[in-house]
Structures are given as structure tokens and as C-alpha cells.
Amino acid sequence: MQASKLGSRSWLISTLLSVAAASVLTSCRYDGTGTKMQWAPDMADSPANKAQRSYLDPPVGSVAMNAIFYAKTPEDAEKQFAMPEAIGNDPEALTKGKELFNTFCIPCHGADAKGGHINPAIVPPDLTNDVYVKRADGFFFHRITFGTNIMPGYGYAISAWERWYIVKYLRTLQKKGA
Ligand code: HEC
């Protein structure tokens with residue numbers, strides 16, 4: 001009794017197994033046109049990603065821990081941002097600022113920030129002009145970050161600290177120019 005029960009159960013199991021094996025085997029075509037069985041297909045079937053959309057977009061409702069919330073306009077930036085004290089106290093601030101200015105700004109603004117020394121087609125304004133001397137530091141921080149009109153933004157290449165170093169150095173050029 002016990003033995004025949006077991007026997008019928010193992011018959012059932014082996015039938016099910018052979019049906020499963022047959023369906024797996026027949027589902028693959030080897031002429032290269034069928035979909036082959038895939039094991040861990042993550043690399044082959046990557047999710048479609050829309051252009052300009054980051055994989056790293058944070059999930060809806062997540063809260064940024066380390067983000068810098070930039071002011072939208074230079075006027076807002078002037079009110080909200082001030083030169084950090086640490087930059088003012090850094091004895092090497094001007095050396096660093098000069099190096100950065102000479103790397104990123106010289107091509108269009110010239111070593112004296114008076115503008116237009118390299119490419120005659122690009123005529124940037126004279127940054128030693130009174131109009132600019134009167135602007136608060138946040139204005140320059142904003143412009144370096146985002147650029148304006150045909151001036152490209154450098155937020156991606158120059159860190160926030162480095163931008164302040166540049167502003168600090170630019171102030172010394174403005175004093176010489178005045
Ligand atoms: C590719 C050329 C180019 C480079 C590099 C460049 N600028 Fe400019 N910049 C311009 C031009 C052109 C303008 C004038 C934009 C306009 O049409 O109003 C300008 C304008 C400005 C202004 C005045 C913006 C205003 O609203 O009046 C500031 C300040 C300035 N640049 C700072 C910098 C600093 C600092 C750097 C270096 C980090 C830099 N720029 C690098 C081309 C450049």
C-alpha cells in the first residue's frame with residue numbers, strides 16, 4: 001500500500017519533470033533567430049533610459065543632505081551668498097585665485113580682466129569697470145557657476161570653494177584697474 005502510493009507519486013514527479021524539460025528545450029531555437037535562454041540577463045536587457053535623464057535621479061520625496069541650493073538670479077545670490085570667512089583668512093587665497101583665474105578666465109577676459117585679448121570675436125565686458133566693482137561677491141559667484149548669454153557656466157568644473165578664490169582674486173584686479 002505504502003509502496004504503491006510512493007510509486008505513483010514518483011511517476012507523477014518524473015512526468016512533470018520531463019514536461020518541464022521538454023518545454024525548456026523546445027523553447028530555444030538554435031538557428032540564431034529565437035530568443036535563447038538567458039541567465040542573469042541584466043547586462044543584455046538594460047532598462048531604456050531617456051536622453052538627458054540621469055540614472056541617478058533621486059526618488060520622489062527624497063530629501064537632499066549635502067546639496068547646495070543655488071540662488072536663481074545674481075541679485076538673489078548677492079543677498080544670499082557672502083565670501084566665506086575661511087577664504088578671507090586663507091593666506092594662499094590670492095595665489096590659488098590667480099592660478100584659477102589664469103586657467104579658466106584669461107582666454108576670454110584677459111589677465112587684467114579688461115576683456116577681449118585673445119579672441120577678437122568674443123568681446124566680454126571690462127570686469128574692472130565701476131558697474132562690476134559695485135556688485136557684491138555673490139554676483140560673481142553666480143556668474144561663474146551659471147555663465148550668462150554666451151559666457152559658459154563653470155559650475156561643473158570649478159568647485160564652490162575655487163569660485164570664491166577666483167572672486168577674491170578678481171577683486172584685486174578691480175582695485176588695480178580703478
Ligand atoms: C569662453 C569665454 C569666456 C570665459 C572662459 C569666461 N567668460 Fe566671463 N564672459 C564672457 C562673455 C562673452 C561675457 C559677456 C556675456 C554677455 O553677453 O553678457 C562674460 C561676462 C562675464 C561677467 C559679467 C556678467 C554680467 O552679467 O555682466 C563676469 C562677472 C564674468 N564674465 C566672469 C568670468 C570669470 C570669473 C571667468 C572665469 C571663471 C569667466 N568669466 C570666464 C566670456 C567668457
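The secondary structure of the protein chain consists of 8 helices and 0 strands, and buried residues account for 14% of its 178 residues.

**Confidence in the model**

- The protein chain has a mean pLDDT of 83, and 81% of its residues reach 70 or more.
- Confidence is lowest in helix 1, which covers residues 2-27 and has a mean of 73, whereas it is highest in helix 4, covering residues 93-104, at 96.
- Where pLDDT is low, the predicted coordinates should not be read in detail.

**Overall architecture**

- Read from the N terminus on, the elements of the protein chain follow the order α-α-α-α-α-α-α-α.
- Of the contacts in the protein chain with a separation of 6 or more, 61% are between residues 24 or more positions apart.

- In soluble globular proteins, nonpolar side chains tend to be buried together.

**Helix 7 and its covering**

- Helix 7 is mostly covered, since 8 of its 10 residues are buried.
- The buried residues of helix 7 are Asp 137, Gly 138, Phe 140, Phe 141, His 142, Arg 143, Ile 144 and Thr 145.

- Trp 164 is found in helix 8, and it counts as buried because it has 26 C-beta neighbours inside 10 Å, where 20 or more are required.
- Leaving aside neighbours within four places in sequence, Trp 164 is in contact with Met 83, Pro 84, Ile 87 and Phe 141.
- Although Trp 164 and Phe 140 are 24 residues apart along the chain, their C-alpha atoms are separated by 8.6 Å.
- Val 167, when residues up to four places away in sequence are not counted, touches Met 83, Asp 137, Phe 140 and Phe 141.
- Leu 170 also has its place in helix 8, and it is buried because 21 other C-beta atoms lie within 10 Å, against a threshold of 20 or more.
- With residues up to four places away in sequence not counted, Leu 170 touches Phe 101, Ala 113, Leu 127 and Phe 140.
- Leu 170 and Gly 97 are 73 residues apart in sequence, yet they are 7.9 Å apart in space, C-alpha to C-alpha.

**Loop residues with positive phi**

- Ala 113 lies in the loop between helix 5 and helix 6 (130-133), and its phi is near 65°, a positive value in a residue other than glycine.
- Ala 113 is buried because 23 other C-beta atoms lie within 10 Å, and burial requires 20 or more.
- The phi of Asn 149 is positive, at about 45°, although Asn 149 is not a glycine.
- Asn 149 counts as exposed because it has 6 C-beta neighbours inside 10 Å, and a residue with 12 or fewer is classed as exposed.
- Gly 147 is placed in the loop between helix 7 and helix 8, where, just after helix 7, it takes a positive phi of about 70°.
- Gly 147 is partly exposed because it has 13 other C-beta atoms within 10 Å, a count between the limits of 12 or fewer for exposed and 20 or more for buried.
- Leaving aside neighbours within four places in sequence, Gly 147 is in contact with Pro 152 and Gly 153.

Conventions
Residues are numbered from 1 along each chain as its sequence is written. This is a predicted model: local features need pLDDT of at least 70, side-chain atom pairs count only at pLDDT 80 or more; totals for chains, interfaces and linings use all residues. pLDDT is the predictor's confidence in each residue, from 0 to 100. Helices (H or I, at least four residues) and strands (E, at least two) are DSSP runs, numbered from the N terminus. Two residues are in contact if their C-beta atoms, placed from the backbone, lie within 7 Å.
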